[in-house]
Amino acid sequence: MRYLFIALLSISLFSCENSSTQTEKPRVAIAGLAIESSTFSPARSTAEFFKARIGDDVFNYYPFLSEDSENRARANWFPTLRGHAIPGGMVTREAYDSLVNLTLEMLRENLPYDGLFFDIHGAMSVEGLDDPEGDFIIKVREVVGDETLISTSMDLHGNVSKRLAENTDLITCYRMAPHEDALESKQRALENLLDRLESGKGKPAYKAWIPVPILLPGEKTSTRIEPGKSLYAKVDPETKKEEVIDAAIWIGYAWADEPRNHAVVMVTGDDETAVKESAEFLAQSFWDVRHEFDFVAPVAYLDESLEMALNSEKKPFVISDMGDNPTAGGAGDVTWTLNELLQRPEFQSESGPKLIYASIPGPDLIAKAKEAEIGSTVEGFVGAMVDDRFAPPLLLKGKLLALKEGDLDAKTEAVIQVGSIKVIVTEKRKPYHHEKDFTDLGLEPRRTDILVVKIGYLVPELYDLRGDWIMALTPGGVDQDLERLGHKRIIRPMYPLDKDMEDPDLSVRWIEKSGN
């Protein structure tokens, strides 16, 4: 009886140990840097631009990883550094090295990992370094090893180089532009990772990568309109095929000049035929509609845009100051458009058409505004501290209508009225995307005649409040006239720069599993 008891106890202990092993949660790290940066802009992006979240603060960026979420309970998490910057000029090498090295140090602290969620944009440009995301993921691999399953989430305006494809295992990108599905896409990338870890399937058997020789700006590839709408509608059905994990189409980033700048299709899965067919179908679908892409809204030069706005009964008439769009990588401080507006006779008097201009950095004027009374006259220089190629700094003199301190991006904001134009001046550059950005400064964008914003296609809030809208072809680091920019290092031929190019080879390129 004694021996039977010992035997049963041994079996019980073995069962408990085995059960514990079976239910052990995977160890998953989080890391990533996200910025869209133009090589055609003289601006430079430093480490402080990235507003990096460190350690547990990273969780606050992802609602699907909140403390009480189902996904949070599925793994033991090791968040390192996740930095996200407003688009701008090239990242300084010092900034890149410091952020990457801190990430690598934090990753070394908790080795080993079963998985890593790699959250990037894909259009980061760095001084003296081609393909920074490819460089970054290789450095990560050197720390975590080849066995760790890496799932990469990207913006559809990112670039997927071959070495980025080689060193990630799972990969996906947004399917909407504007990016209303950004968090949904990140969640998909994370849950794909957890599913593969929990099921024991691990790395997909097949990764298909197809470079598509198309380079188009986002303002021509919005999924709100055709052909982008129908093209991206074809992605999700491909992911529903048995043994296909995910599929994605990258438009790529048009305002950088590297060999990786072009469109890409990638599909991952465990069935060779299904993965191949899906990848080649999506690549061919993209190529077939290349001639149909056009600007998401009417386009004109500034003078014509203003004439349309002044003669329109639809208010507010929104004009996109596209060439210096900071959310695409422009410096955000080109004064050319503002200078043109201030010289127009229609706006010389306070009784003229009401126009809001958002925005122009001017720390000199901001410093003087801080010392002034609301309603008094202030004067100071604004703009062209970074990009003075098209117009010099402006000496702006007008009535101080509002002053607000403490903005996360702008730091300090002032509203200066010159004639009938209300100019938003900032201490540091800031994109104006939300109605609250204006109403917090006492401005009413819905009741103004004309709203001029440094932006390309309108984000949802501005799109919804517009009376009418036109995108103005203005100069800057993200000029919509790609031929005027003068790419020298992209792979040619490239549509539409080479409009009569022959049909490319859109057959699948198989990417080996990472570590092979």
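**Figure 1. Glu 243 is partly exposed, with a relative accessible area of 34%.** Here partly exposed lies between buried, under 20% relative accessible area, and exposed, over 50%, with a 1.4 Å probe and protein chains only. The model is predicted, so that local features need pLDDT of at least 70 and side-chain atom pairs count only at pLDDT 80 or more, while totals for chains, interfaces and linings use all residues. Residues are numbered from 1 along each chain as its sequence is written, and side-chain values use heavy atoms, with hydrogens and water left out. Glu 243 is not a glycine, yet its phi is positive, at about 75°. The residue sits in the loop between helix 7 (235–239) and strand 11 (244–250), where helices (H or I, at least four residues) and strands (E, at least two) are DSSP runs numbered from the N terminus.

**Figure 2. Lys 411 is another residue with positive phi.** The phi of Lys 411, which is not a glycine, is near 70°. Lys 411 belongs to strand 18 (residues 411–418), and with a relative accessibility of 37% it counts as partly exposed.

**Figure 3. Cis peptide bonds occur between Glu 226 and Pro 227 and between Ala 358 and Ser 359.** For the bond from Glu 226 to Pro 227, omega is about 5°, and Pro 227 is placed in the loop between strand 10 (206–212) and helix 6 (228–233). For the bond from Ala 358 to Ser 359, omega is about 0°, and Ser 359 lies within strand 15 (residues 355–361).

**Figure 4. Asp 130 occupies the loop between strand 7 (115–119) and helix 3 (132–144).** With a relative accessible area of 31%, Asp 130 is partly exposed. Leaving aside residues up to four places away in sequence, Asp 130 touches Arg 163, Glu 258, Pro 259 and Arg 489, a contact being heavy atoms within 4.5 Å. Asp 130 and Glu 258 are 128 residues apart along the chain, and a distance of 6.8 Å separates their C-alpha atoms.

**Figure 5. The largest pocket has a volume of about 1,400 Å³.** Of its 50 lining residues, His 84, Pro 87, His 179, Thr 327 and His 433 are the closest to the centre. Strand 5 (76–84), helix 5 (182–199) and helix 13 (460–465) are the elements that each give two or more residues to this lining. The lining of the largest pocket divides into 24 nonpolar, twelve polar and 14 charged residues (Ala, Val, Leu, Ile, Met, Phe, Trp, Tyr, Cys and Pro count as nonpolar, Asp, Glu, Lys and Arg as charged, and the others, Gly among them, as polar). On a 1 Å grid over the protein atoms alone, a pocket is an open set of points with protein on both sides within 12 Å along at least five of seven lines, a cavity is a set where a 1.4 Å probe fits but cannot get out, and lining residues have an atom within 4 Å of a point; points are joined across faces, edges and corners, and a volume is the space filled by probe spheres set on them.

**Figure 6. The second largest pocket has a volume of about 490 Å³.** Among its 19 lining residues, those closest to the centre are Glu 48, Phe 49, Asp 409, Lys 428 and Arg 429. This lining holds ten nonpolar and nine charged residues, and no polar ones.

Figure 7. The residues lining the largest cavity are Pro 326, Gly 332, Ala 358, Ser 359, Pro 361, Arg 429, Lys 430, Pro 431, Tyr 432 and Lys 454, and by class they comprise five nonpolar, two polar and three charged.
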